[in-house]
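Reader: Before we discuss any classification, please show me the sequence and the structure, and then tell me on what basis each label is given.

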Amino acid sequence: MSATAQLVVPAGVRQMPPRARRKPSALSILRFVGLAIWLLITLFPLYWIALTSFKEPASVNVYPIEYWPSQPSVQNYVNLFETSSFGVFLANSAIVALVAGVTSTFIALLSAFVIARFEFRSKGAVLIAFLLTQMIPAFIALGPLYSMMADLGLVDNKFGLILVYIAICIPFSTVMLRGFFENVPVALEEAAMIDGCSRLGALFRVLVPVMTPGIIAAFIFNFVNCWNELFLSVVLMHSEENRTVPAALNGFISTFNVDWGSMSAAAVITILPTMVMFALASKWIVQGLTAGAVKE
């Protein structure tokens, strides 16, 4: 058959005309331009932090401003670990964020299961109280909190900071996971209990695997909150060996000077774990957001 042969349309079959390409409207062009400008505004601070971290320490404050380093250098990263205990700060933040994130997610999982599956008096009041805690600024309770932690001997103690972070993360995580539980059919755990599972057995053997995306999303939320928290960390942690990364970043600001190079290098290292975590778990987060689209 010749390469130029045309397809023969059977009689009685109506041939559809070729689809005309839609011209972009002025509104869509304006929306695209606006989103592009907003993206540039959002990404420029991240670019500038990364740019500053790779400049020579002596050229950070030079004028005219360099929008690309003429001589890229990693000296700021070297100074960061040689002149400060930044490795210790990273380890402290990792321990605090991981322990607090895992523990608060586990406790929130149990409390969300109870709220979603059982009816009890003042259930609505409990949920409202959980939401109201998110509206109260942390500094309002700082005085009583510091006094209580001092009486317990938990000031300048990683365990004390972990306890505070757990208490902060549980309410919102409970409300989040409760929504996921309500989107999981009750028939799943009922079938497991008919097969001999206990209530907790049905929870951990049947519901938890189904709710994995939601649990991962709750853990990431808790981890990032604990990793980035500054106010309580600065107030409750005093010594160098117990300080976390946000408090260490605050330490680069002195009375008469700001070490922009080292601070930018520290900021880049601090941002990387959360970026990697969101990149690796993006599939789970999307599944968690769309879980329960079809209800029983």
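Author: What follows sets computed values against the definitions behind the labels.

Author: This is a predicted model, in which local features need pLDDT of at least 70 and side-chain atom pairs count only at pLDDT 80 or more, while totals for chains, interfaces and linings use all residues. Residues are numbered from 1 along each chain as its sequence is written, and side-chain values use heavy atoms, with hydrogens and water left out.

Reader: How many helices and strands are there in the protein chain?

Author: There are 13 helices and zero strands, where helices (H or I, at least four residues) and strands (E, at least two) are DSSP runs, numbered from the N terminus.

Reader: What makes the pair of Phe 81 and Phe 86 stacked, tilted or edge-to-face?

Author: A pair of aromatic rings is described by the distance of the centres and the angle of the planes. Rings of Phe, Tyr and Trp (its six-membered ring) pair if their centres lie within 6.5 Å; planes under 30 degrees apart count as stacked, over 60 as edge-to-face and the rest as tilted. A search of the whole structure finds 11 aromatic pairs. For Phe 81 and Phe 86 the centres are 5.7 Å apart and the planes at 85 degrees, so the pair is edge-to-face. For Phe 86 and Phe 89 the centres are 6.5 Å apart and the planes again at 85 degrees, so this pair is edge-to-face as well. Phe 86 and Phe 89 both lie in helix H3 (residues 86-117), three residues apart, about one turn of the helix, and both are buried.

Reader: How do you know that Ser 262 is buried, and which residues does it touch?

Author: Ser 262, which has its place in helix H12 (residues 260-280), has a relative accessible area of 4% and is therefore buried. Leaving aside residues up to four places away in sequence, Ser 262 touches Asn 76, Asn 79, Leu 80 and Phe 252, contact meaning heavy atoms within 4.5 Å. The C-alpha atoms of Ser 262 and Thr 83 are separated by 9.8 Å, although these residues are 179 apart along the chain.

Reader: What is remarked about phi at Ser 122 and Asp 156?

Author: Most residues other than glycine have a negative phi. Ser 122, in the loop between H3 and helix H4 (123-133), has a positive phi near 65 degrees. Asp 156, in the loop between H5 and H6, has a positive phi of about 60 degrees although it is not a glycine. With relative accessible areas of 44% for Ser 122 and 24% for Asp 156, each counts as partly exposed.

Reader: Which class do the residues in the lining of the largest pocket belong to?

Author: The lining has 18 nonpolar, three polar and one charged residues, where Ala, Val, Leu, Ile, Met, Phe, Trp, Tyr, Cys and Pro count as nonpolar, Asp, Glu, Lys and Arg as charged, and the others, Gly among them, as polar.

Terms used
Buried < 20%, exposed > 50% of the residue type's maximum accessible area, 1.4 Å probe, protein only.
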